[in-house]
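Subject: Structure handover

Hi,

Here is the structure you asked about. Please open it next to this message as you read.

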Amino acid sequence: MANSNLAQAKAAKNDEFYTQYADIEKEIQAYLDYNDGVFKGKTLLLPCDDPEWSNFTKFFAQNFERFGLKKLISTSYAPDSKLFKTPYQPTLFETEHPQFDPAKTQVRGKIFTLTHDTSGDGRIDVNDLQWTYLQGDGDFRSKEIIELRDEADIIITNPPFSLFREFLAWLQEGGKQFSLIGNMNAITYKEVFPLIKENKLWLGNGFHAGNAYFSTPHGREYADGVFDESTGLVKFRNVCWYTNIDHGRRHKPLPLMTMEENIRFSKHKEIKGQGYQRYDNYDAIEVPFTDAIPADYPGVMGVPISFLDKYSPEQFEILGATESEGRGFSGDLWRNESRVMQPLVGGERVYKRIFIKKRAEQNENHIKN
Ligand SMILES: C[S@@+](CC[C@H](N)C(=O)[O-])C[C@H]1O[C@@H](n2cnc3c(N)ncnc32)[C@H](O)[C@@H]1O
């Protein structure tokens, strides 16, 4: 198979990962803990879903009244349009419904809507979802889904990973509140990092202990330790939520030691008794571990990408990232006479870094031993 075909096949598989109920609940609860009215009176769109069995649709339908939602809309992508083909079998829910149309089931997307009690049981929940086929295949870039985006106040989903950049651009065009699941590598994409730097986008509360579990039709292709035969789930450690909905964790400053304390007590041998090195080609010190960020250092520090999971905009300012991710990311920190864009320490390349500086008012915010 030619390389491009291989890459295409891999990308196609990357699109089929189904999110766990508990992971959705944990993330959404963090938004509610911060602002319990976050969904009140709002229209919520869940695109790129499979509403008959998606946990996103189930979770928001079951909590429709508690969250005070005005309208829930959920759409799916037609089986024939999916890049990754699995044998298609419509659900009983669909085939037993009077609307079922064998001519449409594989080529059209579906739309599920929830606004009021239709079953007459006195409550609004999953039993009140109304559905119909879409005009098209449910592609988020199609006119009818764009219209739904424009109607919505908030958009939440786990989009196809292979179209992450496009999906984020589509959200930006809509200018709505959103939360979506994506790969952590996306942090340094040129379409993503500038938004993070400007505090227009941040990481969500996150998966439990950083482990994201998904069901997928091709789990068996993953190694032991990633795929668990007994649960049928794959586990990824490099997946996070990207959102512009506020939550409490991002306003909690990281507890940190001073530079002197780190040099005396750090658990990292690279720092303890050693101190901090400077980059050869960037005007900053190298901090290889987030928990070794010196609380009292007034200059620029290069920190691992995973720092963003602990980032509080009141504690630190993000100045840029290493140039290897996109030209112009590091402001004037790069000594470009070195021509090497990866950060170098003593001539050795280190991992990509984000450059941060503490906010002035955080001078005294550190742990005293
Ligand atoms: C990562 S899965 C997540 C599904 C569901 N939201 C969940 O979390 O369980 C992304 C879904 O988007 C669908 N998809 C792929 N390309 C799409 C497109 N252009 N427009 C809409 N959906 C698409 C995939 O087939 C897949 O079902």
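Below is what turned up in it, taken part by part.

A caution on the source: this is a predicted model.

**Domains**

The protein's domain assignment gives domain 1 as 2–249 and domain 2 as 259–368. Their centres, taken over C-alpha atoms, are 35 Å apart. Ten residues from domain 1 and ten residues from domain 2 make the contact. On the domain 1 side, helix 8 (residues 193–197) supplies the largest share, three residues. By class, that side of domain 1 has five nonpolar, three polar and two charged residues.

Eight strands form an open sheet in the order 5-4-3-2-6-7-12-8. The pairing is mixed. Strand 5 (130–133) and strand 8 (202–203) are the edge strands, and each pairs on one side only.

Helix 3 (residues 55–62) packs on this sheet. Helix 3 touches strand 2 (43–49), strand 3 (71–76), strand 4 (110–114) and strand 6. The direction of helix 3 makes about 160° with that of strand 2. Helix 6 (residues 143–151) lies across strand 2, strand 3 and strand 6. Helix 6 runs at about 150° to strand 2.

How many of its residues are buried? Six of the seven are, so strand 2 is mostly covered, with buried meaning 20 or more other C-beta atoms within 10 Å of a residue's own. On one side, strand 2 pairs with strand 3 in the parallel sense over five bridges. Thr 43 stands opposite Lys 71 of strand 3. Strand 2 also pairs with strand 6, again in the parallel sense, over two bridges. There, Leu 45 stands opposite Ile 155 of strand 6.

Next along the order is the pair of strand 6 (residues 154–157) and strand 7 (residues 177–183). These two pair in the parallel sense over four bridges. Thr 157 has Leu 180 as its bridge partner in strand 7.

As background, strands of a sheet pair through backbone hydrogen bonds, either parallel or antiparallel.

**The ligand shell**

There are 20 residues around the ligand. Which of them come nearest? They are Thr 19, Cys 48, Tyr 77, Asn 158 and Pro 160. Strand 1 (18–19) and strand 2 are the elements that give two or more residues to this shell. By class, the shell holds nine nonpolar, five polar and six charged residues.

Strand 14 (residues 285–286) and strand 15 (residues 301–304) pair in the parallel sense over two bridges. Glu 286 has Gly 302 as its bridge partner in strand 15.

Some backbone angles are worth a check. Most residues other than glycine have a negative phi. Asn 199 has a positive phi, near 55°. Asn 199 lies in the loop between helix 8 and strand 8. Is Asn 199 buried or partly exposed? Asn 199 counts as partly exposed, because it has 13 C-beta neighbours inside 10 Å.

Arg 339 also has a positive phi, near 65°. The loop between strand 16 and strand 17 (344–345) holds Arg 339. Why does Arg 339 count as exposed? Arg 339 has 7 C-beta neighbours inside 10 Å, and a residue counts as exposed at 12 or fewer.

Pro 102 sits in the loop between helix 5 (92–95) and strand 4. Pro 102 has 8 C-beta neighbours inside 10 Å, so Pro 102 counts as exposed. Twelve residues separate Pro 102 from Pro 90 in sequence. In space the two are 9.2 Å apart, C-alpha to C-alpha.

Best wishes

How values were computed:
Residues are numbered from 1 along each chain as its sequence is written. This is a predicted model: local features need pLDDT of at least 70, side-chain atom pairs count only at pLDDT 80 or more; totals for chains, interfaces and linings use all residues. Two strands pair if DSSP finds at least two bridges between them. Two residues are in contact if their C-beta atoms, placed from the backbone, lie within 7 Å. Axes are lines fitted to C-alpha atoms, for helices over the stretch in contact, and angles run from 0 to 180 degrees between N-to-C directions. A residue is near a molecule or strand if its C-beta atom, placed from the backbone, lies within 6 Å of it. Ala, Val, Leu, Ile, Met, Phe, Trp, Tyr, Cys and Pro count as nonpolar, Asp, Glu, Lys and Arg as charged, and the others, Gly among them, as polar. Domain bounds come from an automatic or database domain assignment.
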